[in-house]
Amino acid sequence: MMRERYVMAVDLGGTRVRLALSNEDGSLIGKVQERVDKSSEEAIVKQIISIARSLCRKNEIDLADLEGLGIASAGPLSLKEGALINPTNLPFEYVPLTEPISEELGVPAYLVNDCTAAVLGERAFGAGKGLDNIVYVTIGTGIGGGAIVDGCLLLGKDGNAVEIGHLTIDFEGRLKCGCGKKGHWEAYCSGRNIPNFVRMKLEETDETIVEKSLIHAKAKGDLSKLTSETLFNAAKEGDKLSLRLVEEIGVLNAIGFANVINAYDPSLITVGGTVTLKNTKLILSPIRRHVENYVLNRVPKIIATPLGEDVGILGAVAAVLKFRSQSA
Ligand SMILES: [Zn+2]
């Protein structure tokens, strides 16, 4: 009888790292989540190794029964070196991951951009089953994407082919992106940067209207304390000013989506990320309303990912299964 094979999946974010042990069919056996140990580059590697070992131990699975370990991480990264290069959300210039982890655990390790992983996960286990043209978009702390076109996963020369959060949507470049450049989509519509957009808009708004608004009350009059949640919560309670701002963010998102549709011509776009998952209607409805104004290609179905928060983890599982079969 064939021994059952397993996959270790890692979702490495700027704040938290999640690991899961999975069957080859994507059913997750055990999950662990910790804050990323940012004391050094080596600390991150050690943390992943130690969680992976303990997950195997707890579930009585031998490391030898692992098909591989897949790491889904925000980039930029070098696919060949299996390392992060000047990652935007970790304070290091170079973080080698696959080599030290693979050496220590004795299993093949693969690193992919988190959104690249997500689109693989969507196709293997989610709404993209059987589709050859899918794009996954995340609107969370940052904005990113992954694309499968004509059945081919787009990787690019370094593995950063679909960095759509850094598409320019404002040629006047009023807001600065975390990457240092101006006018990028992520600088306006990501969870981290929505407060900057809101403050910019409120400065242009009549003061009496701002002061009467629920968003102003929720920020206790101190707009420097504003978060993207403040905006969406005020909008959910019907605050007119907040709803108008949410709609304006929707217009910018629609421009981003139109660029994506024009570039990749997908038949389905699934959307994830915390901002989307917590405010699905407020994010997706304005995109669907405005995208027609900016797009040339036929507009595809745009839905929230049915995989929810697990899309990254399941993507890491799918990445191992894909790259493993290619190298075999
Ligand atoms: Zn940028």
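How many of the 7 residues of strand β10 are buried? Select residues 143-149 and find out: 6 of the 7 are buried, so β10 is largely enclosed by the rest of the structure. One thing to keep in mind as you click around: this is a predicted model.

**Around β10**

Strand β9, residues 134-139, runs antiparallel to β10, and 6 bridges join the two. The hairpin from β9 to β10 goes through 3 residues.

**The five-stranded sheet**

Next, colour the strands of the open sheet. There are 5 of them, in the order β3-β2-β1-β4-β8, with mixed pairing. The edges are β3 (28-35) and β8 (109-113), each of which pairs on one side only. From one strand to the next, the twist averages 15 degrees.

Zoom in on the β3 end. Strand β2, residues 16-23, is antiparallel to β3 and joined to it by 7 bridges. Select R16 and you'll find its bridge partner in β3, R35.

Helix α1, residues 41-58, touches β1 (6-12), β2, β3 and β4 (66-73), and its direction makes about 35 degrees with that of β2. Helix α3, residues 114-125, touches β4 and β8, and its direction makes about 100 degrees with that of β8.

Most residues other than glycine have a negative phi, and most peptide bonds are trans. Here are a few places that go the other way.

- Select G75 and P76: a cis peptide bond joins them, with omega at about -5 degrees. P76 is in the loop between β4 and β5 (77-78), and G75 lies in that loop as well.
- Select E60, in the loop between α1 and β4. Its phi is positive, about 55 degrees, although E60 is not a glycine. With a relative accessible area of 75%, E60 is exposed.
- Select D265, in the loop between α9 (240-264) and β12 (268-272). D265 also isn't a glycine, yet has a positive phi of about 50 degrees. At 45% relative accessible area, D265 is partly exposed.

Go back to G75 for a moment. Is G75 buried or exposed? It is buried, with a relative accessible area of 5%. Show what surrounds it: leaving out residues up to four places away in sequence, G75 touches P87, T88, N113 and E163. Then run a distance from G75 to D65, C-alpha to C-alpha: they are 10 residues apart in sequence and 29 Å apart in space.

**The zinc ion**

Which residues coordinate the zinc ion? Select H166, C177, C179 and H184: the histidines use ND1 and the cysteines SG, at 2.0 to 2.3 Å. In sequence, these donors follow the spacing H-x10-C-x1-C-x4-H. The 4 donor atoms subtend angles of 100 to 119 degrees around the zinc ion, which makes the arrangement tetrahedral.

Move on to helix α5, residues 194-203. This helix is mostly covered, with 7 of its 10 residues buried. They are I194, P195, F197, V198, M200, K201 and L202. Show their packing partners: α4 (186-189), α6 (207-212), α7 (214-218), α8 (228-236), α9 and α10.

Follow that to α10, residues 274-278, and select T276, which sits in this helix. T276 counts as buried at 0% relative accessibility. Its side chain reaches the backbone oxygen of G272 at 2.9 Å. Further along the sequence, beyond four places away, T276 touches I139, V271, I283 and L284. That's the last stop.

How values were computed. Residues are numbered from 1 along each chain as its sequence is written. This is a predicted model: local features need pLDDT of at least 70, side-chain atom pairs count only at pLDDT 80 or more; totals for chains, interfaces and linings use all residues. Side-chain values use heavy atoms; hydrogens and water are left out. Helices (H or I, at least four residues) and strands (E, at least two) are DSSP runs, numbered from the N terminus. Buried means under 20% relative accessible area, exposed over 50%, partly exposed in between (1.4 Å probe, protein chains only). A polar contact is a pair of N or O atoms within 3.5 Å; within protein, one must be able to donate a hydrogen and the other to accept it, and residues adjacent in sequence count only if both atoms are side-chain atoms. Contact means heavy atoms within 4.5 Å. Donors are N, O and S atoms within 2.8 Å of the metal (3.2 Å for Na, K and Ca); water is not among the atoms, so sites may look incomplete. Four donors count as tetrahedral if all angles lie between 85 and 135 degrees; four count as square planar and six as octahedral if opposite donors are over 155 degrees apart and all others between 65 and 115; anything else is irregular. Two strands pair if DSSP finds at least two bridges between them. Axes are lines fitted to C-alpha atoms, for helices over the stretch in contact, and angles run from 0 to 180 degrees between N-to-C directions.
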